[in-house]
Amino acid sequence: MLPTFDPRDTEAGSRILEDITSNAGHIQEQVLEEILTKNASTDYLKGFLNGYSDKELFKNKVPVVDYEDIKIYIDRIALDGEPSQILTNDSITELLISSGTSGGKQKWIPKTAEEGERRAFFFCLLATVQNRYLHGLNDGKVLFFVLISPDIHTPGGLVLRTTTASEIKNRKDRYPQVILCEDTNQSLYSQLLCGLVQRDAIASIGTFFASGLLRIIKFFEEHWQEMSSNIRTGQMSDWITDPKCKRAVSLILSKQMPDLADSIDLVCQEKSWEGIIKKIWPRIKYVQAIITGSMAQYIPALEFYTGRLPIVSRVYVSSEACFGINLKPLCSPYDVSYTFIPNMAYYEFIPIGNHQDPNCTNSKDARLKDHIVDLANVKIGQHYELLVTTCTGLYRYRMGDVLLVTGFHNITPQFKFVQRRNVVLSIDTDKTTEQDLQNAVTIAMHILEPLGFFLLDYSSYADTSSIPGHYVLFWELQLRSNDDFPVLDQVKMEKCCSLVEQSLDLQYKMLRNQSNTIGPLEVRVVKQGSFNVLMDFYVSQGTSLNQYKTPKNIKSEKAIEILDSRVVENFTAEKCLIKTRSLWSSRIFLHISSLVIYLVLQCRNVKVLHHCMDVFVFYYFSACL
Ligand code: AMP
């Protein structure tokens with residue numbers, strides 16, 4: 001049973017939070033027991049547990065699975081209309097579309113009424129944390145951008161929608177009409193317009209992921225003149241035809257407001273858009289958006305546009321379940337950890353010995369289960385991959401997320417989100433993780449930052465169409481000022497490529513330098529707006545804008561084509577930078593060898609050794625030259 005409380009009652013919420021985080025182990029045992037008791041007779045669990053609901057049996061017999069392993073069960077329910085009892089004894093009410101863009105594929109995740117209640121409880125706890133730490137939030141309005149897409153019906157008769165659409169459509173009465181509009185452009189335009197008209201009342205703006213917020217800023221850049229003109233005339237543009245948007249905006253934009261329009265024009269006409277968010281909404285205190293994991297790359301861009309407002313990365317959630325809340329919402333975006341809420345699902349963790357190689361833990365490996373630990377037994381400083389067992393029919397399901405234990409709140413572990421498990425670039429035996437790439441790109445950008453650039457977005461793929469294969473990085477650069485985009489300095493860009501290479505791991509460098517198994521890394525600079533087109537492509541494939549995460553390693557040929565067709569300049573790693581290093585190592589080797597031989601000669605004075613000395617001296621001077 002979930003505890004209940006009024007989300008406006010911060011004291012009551014805080015007490016519950018303290019209580020559940022002081023009893024995490026016990027609550028987790030209860031959650032597992034409930035799930036097993038309820039679902040032991042499902043087709044899926046019966047196959048492993050023979051109808052028993054014993055917890056130890058569960059840990060011994062039920063396999064660790066990926067989405068691909070259970071897809072067949074979900075397809076039977078979604079496509080063939082078979083009953084939910086294949087997986088769960090609760091009725092599956094909807095299927096949630098997991099964006100999957102970080103991992104490459106879209107997934108359909110079952111949702112039940114009970115899961116809806118768990119999510120509601122989670123967000124009540126979040127409200128408690130926000131009320132407690134984000135002072136002044138309730139003194140104004142929160143402009144939280146939400147976009148929903150139309151429902152799809154599966155042949156089996158279930159509704160397929162995103163987590164956000166599910167939440168909003170199931171509680172329509174709680175949300176403003178404007179976010180019920182299913183046309184992305186009309187909805188976003190109207191939400192921004194409402195935010196502009198009420199510009200002095202806004203205390204915070206936000207969206208789910210940081211990438212979404214940048215998309216909104218770009219949209220604003222393209223539409224601010226039109227919006228300002230609407231405010232001046234008191235009339236909304238004709239292309240906004242959706243009745244929900246028209247109704248919602250007309251309640252706010254009911255008269256001509258030329259002064260407001262003038263002040264918006266003044267801000268937007270400034271040469272640089274640095275701090276534009278703070279200038280447009282002068283009372284704003286916080287920006288809310290997930291900024292951890294792959295979203296960390298957007299920190300510089302968000303700092304630029306927000307004028308360094310605090311960025312609050314609130315939660316770690318997914319279509320499968322809600323996991324953790326950031327209990328220090330005002331901490332630096334680089335220090336965010338999420339405290340797991342023990343009532344949400346049953347959590348297990350696969351330790352990852354060398355987190356550089358997270359794919360080493362194969363689901364089919366029988367020894368895997370001996371290493372799995374539960375929430376109460378994770379260790380600080382250790383990396384883990386998260387497994388989840390839910391009341392919706394997922395059992396020991398690999399989330400594909402790699403987490404690091406950073407501490408505890410009471411006895412409940414706190415995790416830093418590190419990276420997706422399966423995002424790696426690889427040509428040969430090299431394995432470059434999302435995190436490796438992120439670090440390397442950040443270091444390389446130090447060359448371009450003093451020139452006024454920041455990286456708006458990037459992605460990559462391993463190009464094996466030629467031999468040797470090589471890493472390709474797509475970069476969308478942005479100037480801090482609104483000047484015309486200059487021609488990029490070839491030498492500096494080549495240095496960037498080399499610096500990325502030098503920041504990758506030893507295996508990469510060995511394959512690149514010594515055996516030439518990997519060709520020089522290439523940076524393809526794409527024109528402005530390219531990553532928006534990429535986002536549109538994934539959205540057209542069914543990904544929700546709210547959940548969208550730029551894939552850091554692109555597998556889709558169509559997506560590569562989209563970026564490739566927008567390349568303005570490309571650069572490859574300057575070979576000699578790396579060669580210089582190997583030259584230096586050979587020099588050191590020759591220095592030492594010559595010295596050793598010289599000493600031996602001094603001692604023994606042998607003719608053969610004299611000859612050797614000649615040979616070494618020859619190589620020594622050639623290397624030095
Ligand atoms: P979706 O099911 O489409 O909502 O995507 C869920 C995935 O988004 C998770 O498995 C994570 O990979 C990612 N994600 C969710 N919350 C966070 C977070 N706070 N930091 C980093 N990545 C996150």
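**The ligand and its surroundings**

A polar backbone atom of valine 315 lies 2.8 Å from a nitrogen atom of the ligand, a polar contact in the sense of a pair of N or O atoms within 3.5 Å. The model is predicted, so that local features need pLDDT of at least 70 and side-chain atom pairs count only at pLDDT 80 or more, while totals for chains, interfaces and linings use all residues. Residues are numbered from 1 along each chain as its sequence is written, and side-chain values use heavy atoms, with hydrogens and water left out.

The shell around the ligand holds 17 residues, the closest being Ser99, Thr292, Val315, Ser319 and Asp401, where a residue belongs if one of its heavy atoms lies within 4 Å. By class, eight are nonpolar, six polar and three charged. Strands β9 (315-317), β15 (397-409) and β16 (412-420) each supply at least two shell residues, and β9 gives the largest share, three residues (strands are DSSP runs of E, at least two residues, and helices runs of H or I, at least four).

**Serine 530**

Serine 530 lies in helix α18 (residues 530-540) and is buried, with a relative accessible area of 0% (buried means under 20%). Leaving aside residues up to four places away in sequence, serine 530 touches Glu476, Leu563 and Arg566, contact meaning heavy atoms within 4.5 Å.

Notes. Polar contact = N/O pair within 3.5 Å; in protein donor to acceptor, adjacent residues only side chain to side chain. Nonpolar A, V, L, I, M, F, W, Y, C, P; charged D, E, K, R; others polar. Buried < 20%, exposed > 50% of the residue type's maximum accessible area, 1.4 Å probe, protein only.
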